[in-house]
Amino acid sequence: MKELVIIGGGGFAKEIVWLARDCGRVIKGVLDDNLDIQGSLIAGVPIIGVVDDWHNFSACEFVIAIGSPRTRRSVVNKMKLKGTPTFTKLIHPSVRMSEYVDIGEGAMICAGSILTVDISIGKHCILNLNVTVGHECCFDDFVTVAPMAAVSGNVRLHNCVEIGTGAVLRQGLTLEQGSMLGMGAVLTKNIAENYIFAGNPARKLKELPGV
């Protein structure tokens, strides 16, 4: 198994170090563009350069430990300007899922999550701690689902959707590209592209810039 390089040196990267170790991975180091933290340690792992240095570690595999979907996508696109990095997926051993779940490259699924049947998880998605995903859900690329969110069956999350901690989504909903659902929200209707919804029941708060 190849060594792993983690992109991003913030708080979420510390959790991904833990996830990677629980998955039995050997971590080469962390890359981050913050020059003030170069040479320091993230959860015991050294920061070994900036993101553009990834090609110096092209024999390794990569994950993007950045919670923001839009930033994560930007970093992947930036890396691809210099070549073809190999992204891997990390799935915690405690995750429960059926054989009928498809997970894309770069995705990370954290401890305690449950995915049932006929589910598609796209590239570079993050399902944080104790997320539940029901039957026939489809998540496109760069989706972030925060801890303890509950996604009912037949939900479609388009690219760069973000779901807050503890949010609950009714069955059969669609969240369009770039939309966001706030923490603790209870969503009972679809969300249009680039809008934030929050509350119980969730209501529109404001419009976001286009993805």
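**Surface, fold and nonpolar cores of a predicted chain**

The protein chain exposes about 9400 Å², of which carbon and sulfur atoms supply 51%. The model is a predicted one. Its charged side chains comprise 20 positive and 20 negative groups, and the centres of these two sets lie 3 Å apart.

The secondary structure of the protein chain consists of 2 helices and 24 strands. The radius of gyration is 17 Å, close to the 17 Å that the globule rule gives for 211 residues, so the chain is as compact as a globular protein of that length. Along the principal axes, the C-alpha atoms fill a box of roughly 45 × 35 × 30 Å. Among contacts with a separation of 6 or more, 26% are made by residues 24 or more positions apart.

Attention now turns to the interior. Buried residues, those under 20% relative accessible area, make up 47% of the 211 residues. In soluble globular proteins, nonpolar side chains tend to be buried together. The largest nonpolar core here holds 32 residues, and within this core F139, L157, I163, L169 and L181 touch the most other members. Two strands, β8 (101-103) and β11 (119-121), are the elements that give two or more residues to this core.

Leaving aside neighbours within four places in sequence, L181 is in contact with E162, I163, G164, A167, L169, L187, I191, F197 and A202.

Conventions: Residues are numbered from 1 along each chain as its sequence is written. This is a predicted model: local features need pLDDT of at least 70, side-chain atom pairs count only at pLDDT 80 or more; totals for chains, interfaces and linings use all residues. Side-chain values use heavy atoms; hydrogens and water are left out. Helices (H or I, at least four residues) and strands (E, at least two) are DSSP runs, numbered from the N terminus. The radius of gyration is taken over C-alpha atoms; the globule rule is 2.2 Å times the number of residues to the power 0.38. Buried means under 20% relative accessible area, exposed over 50%, partly exposed in between (1.4 Å probe, protein chains only). Contact means heavy atoms within 4.5 Å. Accessible areas come from the Shrake-Rupley method with a 1.4 Å probe; for residues, only the protein chains shown count as cover. Lys and Arg count as positive and Asp and Glu as negative; His and the chain ends are not counted. The place of a charge is taken as NZ of Lys, CZ of Arg, CG of Asp or CD of Glu. A nonpolar core is a set of buried Ala, Val, Leu, Ile, Met, Phe, Trp, Tyr and Cys residues joined through side-chain atoms within 4.5 Å.
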